[in-house]
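Please open the model in your viewer and keep the sequence beside it.

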Amino acid sequence: MTVATRPGFHLAIPVDDLARARAFYGGVLGLAEGRSADAWVDWNFYGHQMVTHVVPAARQADAGRNPVDGHDVPVPHFGLILSIEEFHVLADRIRAGGGEFVIEPYLRFAGEPGEQWTMFFRDPAGNALEFKAFRDESQIFAK
């Protein structure tokens, strides 16, 4: 399945402040806002539908952390696979927006199958996001 034929996904996540969600997803990440109401906003998440729903005191503790490459990966998390250029542009946007990385952008599996850039950060409500970029997207599931 190629990128062009992947089905779109819908994801709804809790936030505790819609204005901060708008500033982060619309401002820092540069996502286009779609429909909205007093308690939710649709976002164009790179062609996918993501909705931020206001849930008072929405942030819960991570379900856990998983050790990967010497990093404590927060679980749950979500994100996308971008091109390498888009990945670095996004990392720069996070830095320029004053964001802090949970795991700084770094290259995993250098020179091996599945070579990829990865980074983790949180939105203002504490939701963990991971973005990746593969040298060769045909190796996304390479062992």
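## First stop: the cavity

Select helix α1 (residues 18-28), which supplies the largest share of the lining of the largest cavity, 3 residues. Helices (H or I, at least four residues) and strands (E, at least two) are DSSP runs, numbered from the N terminus. The model is a predicted one, in which local features need pLDDT of at least 70 and side-chain atom pairs count only at pLDDT 80 or more, while totals for chains, interfaces and linings use all residues. Residues are numbered from 1 along each chain as its sequence is written, and side-chain values use heavy atoms, with hydrogens and water left out.

Next, select Val15, Asp16, Asp17, Arg20, Ala21, Tyr25, Asp123, Pro124 and Ala125, which line the largest cavity. A cavity is a set of points, on a 1 Å grid over the protein atoms alone, where a 1.4 Å probe fits but cannot get out; lining residues have an atom within 4 Å of a point. Rolling a probe the size of a water molecule over the atoms shows where empty space is left. The count comes to 1 cavity of 30 Å³ or more, and about 30 Å³ of space lies in the largest cavity. Here a volume is the space filled by probe spheres set on the points, and grid points are joined across faces, edges and corners.

Colour the open sheet of 4 strands in the order β1-β4-β3-β2, whose pairing is mixed. Two strands pair if DSSP finds at least two bridges between them. At the edges stand β1 (10-15) and β2, each with a single partner strand, so one side of each has no neighbour in the sheet. Strands β2 (residues 32-37) and β3 (residues 40-45) run antiparallel and are joined by 4 bridges. A hairpin of 2 residues connects β2 to β3, and Glu33 stands opposite Trp43 in β3.

Now show α1 again: it lies across β1, β2, β3 and β4 (48-54), at about 10° to β3. Axes are lines fitted to C-alpha atoms, for helices over the stretch in contact (heavy atoms within 4.5 Å). Angles run from 0 to 180 degrees between N-to-C directions.

β8 pairs with β9 (residues 116-122) in the antiparallel sense over 5 bridges, and Arg108 stands opposite Gln116 in β9.

## Last stop: two single residues

Select Gly98, in the loop between α2 and β8. Is Gly98 buried or exposed? Gly98 is exposed, with a relative accessible area of 57%. Buried means under 20% relative accessible area, exposed over 50%, and partly exposed in between (1.4 Å probe, protein chains only).

Finally, select Val68 in strand β5 (residues 64-68). Val68 counts as partly exposed at 25% relative accessibility. Leaving aside its neighbours within four places in sequence, Val68 is in contact with Val73, Tyr106 and Arg108.

Note on methods. 1 Å grid on protein atoms, 1.4 Å probe; cavity = no way out; pocket = protein on both sides within 12 Å on 5 of 7 lines; lining within 4 Å.
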